[in-house]
2 protein chains.
Amino acid sequence: MAWARQARRNGSKAAIREGNEKAILAAAEEVFADYGFAGATTSKIAEVAGIPKANLHYYFPTKEALYRQVIENIFNIWLAAAASFDDCDDPIEALTQYIHIKMDISRTHPKGSKVWANEIIQRAPMIQDYLETTLREWTTSRVAVIERWIAEGRLAPIDPRYLMYMIWATTQHYADFGHQISTLNNDHDLSEAQFAKAKDTVTQIILRGIGAIK
Amino acid sequence: MAWARQARRNGSKAAIREGNEKAILAAAEEVFADYGFAGATTSKIAEVAGIPKANLHYYFPTKEALYRQVIENIFNIWLAAAASFDDCDDPIEALTQYIHIKMDISRTHPKGSKVWANEIIQRAPMIQDYLETTLREWTTSRVAVIERWIAEGRLAPIDPRYLMYMIWATTQHYADFGHQISTLNNDHDLSEAQFAKAKDTVTQIILRGIGAIK
DNA sequence: ATATATCCTGACCAATTGGTCAGGATCAAG
DNA sequence: CTTGATCCTGACCAATTGGTCAGGATATAT
């Protein structure tokens, strides 16, 4: 996290603020993912970010505020990934794209995904409001789209919610359980080729499973 | 947790031991699931178990020993669930049964599943040895079975590992992310009927997805 | 140049934690 | 009934934690 130092050298107050906040958030994402909310310590986060603990508390008054920020970030990334539902009306294309993007996020943002998973496992003590507002609305609207596809006979008549859960579960598994997958891959992270194959396999099973393709 | 008290009334040393250990393990499973390893406190576990903290440490010398025991328990339950692979040689029947049993475990043992998930998310700091021995062997042997089915033309030629991950992810999602699912179900746990439908949907999508059924 | 707002930090504190221990209570064996 | 093993527990402790604060450093506006 040489960010902070560079920003400090840069000089401008605004740049310092931006650099430090970024470094702290990146460090926090990592430490929360590795130790959970309770296990993460603000001094460990500060250490990873390369600043003194007191300085961290200057930018984020409490550990909880920092945590919320980290969670909101990954959540927003996921929300944006759903653009495919709006962009195109072909179920094959829309779902393929959605699954692919979700898989890619698991590859590029595994830590954020883990922090989210941790929070949900513990029954969302900090972000229940998000689940009941944004996530609920998001889900309802996508379910409606899928239901229309089914009504048009383009998909088998499955309950869209369980399909959605399956997509979430399967794609996020590659982030949340990435360590288990690596261990079963002889202690190597999946190579690009392996990951591409996983992505393809997942997509095919699901699309074939809902009768979108043969 | 009236167990301990009852056992104490019972009297017999052996019964006392059994009752207390059971109560402590049940309490630990719950508290570890709700707060993570670091967030769980031995005094909270003791409180839930209905005994003084010092007594808990009489049975389990360290928090870590208790945690390992909880994890081993859920892991053994999952291992037993794989009997379907040995019991029958029809892929449709074997996979259907495996998925169903895994779903049922998510329903009956959600806490254990959560503790496991937490541990893996944090890169298995306590049970890496398990992953590298038991889980690795288990997986290899099941992969071989599925590969045979594919070679016999009974399944589409997918990589068995990614199928396995998909089954794990999807079934365990109903435990680990149960809170999210409930929230999206208007704050109600899935009813028996809903859960049965989810089970069915999951099974159908996967079996159809791998070309086992039409 | 100087005033002011922002940024930085070592030292500190109250609260909590995992774990210990001495000594008391209860059961089992002879 | 006595002796020894097992079980139980209040009181305690060293270590760690999230967060504070006074005062110093740096940038920016006028």
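How many residues of chain A are in contact with residues of chain B? The count is 42 residues of chain A, in contact with 42 residues of chain B. Contact here requires that the C-beta atoms of two residues, placed from the backbone, lie within 7 Å. This is a predicted model, in which local features need pLDDT of at least 70, side-chain atom pairs count only at pLDDT 80 or more, and totals for chains, interfaces and linings use all residues. Residues are numbered from 1 along each chain as its sequence is written, while chains are lettered from A and ligands numbered from 1 in the order in which they are written.

Stay with the meeting of the two chains. On chain A, the elements that give two or more residues to the side touching chain B are α2 (13-39), α8 (110-121), α9 (128-151), α10 (160-176), α11 (178-184) and α12 (192-209). Such helices are DSSP runs of H or I with at least four residues, numbered from the N terminus. The largest share, 8 residues, comes from α12(A). By class, this side of chain A has 21 nonpolar, 12 polar and 9 charged residues. Nonpolar covers Ala, Val, Leu, Ile, Met, Phe, Trp, Tyr, Cys and Pro; charged covers Asp, Glu, Lys and Arg; the others, Gly among them, are polar.

How are the copies related? A rotation of 180 degrees, with 0.0 Å of shift along its axis, superposes chain A on chain B with an RMSD of 0.0 Å. That is the relation of a two-fold axis. Within chain A, A:G209 comes closest to the rotation axis, with its C-alpha at 1.9 Å. Of the interface residues of chain A, 100% are also interface residues in chain B, so the copies meet through the same surface.

Now turn to the DNA. Around DNA strand D there are 24 residues, and the closest are A:S12, A:T41, A:T62, A:K63 and B:A54. A residue is near a strand if its C-beta atom, placed from the backbone, lies within 6 Å of it. Both chains take part: α3 (42-49), α4 (53-59) and α5 (63-81) of chain A, with α2 (13-39) and α4 (53-59) of chain B, each supply at least two residues. α2(B) gives the largest share, 4 residues. This surface divides into 8 nonpolar, 9 polar and 7 charged residues.

DNA strand C has 23 residues around it, of which A:R17, A:A54, B:T41, B:T62 and B:K63 come nearest. Here α2 and α4 of chain A, with α3 (42-49), α4 and α5 (63-81) of chain B, each supply at least two residues. The largest share near DNA strand C, 4 residues, comes from α2(A).

Next, look inside chain A. Its domain assignment gives domain 1 (3-61) and domain 2 (71-209); such bounds come from an automatic or database assignment. The C-alpha centres of these two domains of chain A lie 29 Å apart. In chain A, 6 residues of domain 1 are in contact with 5 residues of domain 2.

Finally, find α5(A) and α8(A). They pack at an angle of about 110 degrees, with their axes 9 Å apart. That makes α5(A) roughly perpendicular to α8(A) (65 to 115 degrees). Axes are lines fitted to C-alpha atoms, for helices over the stretch in contact, and angles run from 0 to 180 degrees between N-to-C directions. Among the residues that meet are A:F75 in α5(A) and A:W116 in α8(A).

Terms used: Least-squares fit on C-alpha atoms with pLDDT ≥ 70 in both. Parallel < 35°, antiparallel > 145°, perpendicular 65-115°, else oblique.
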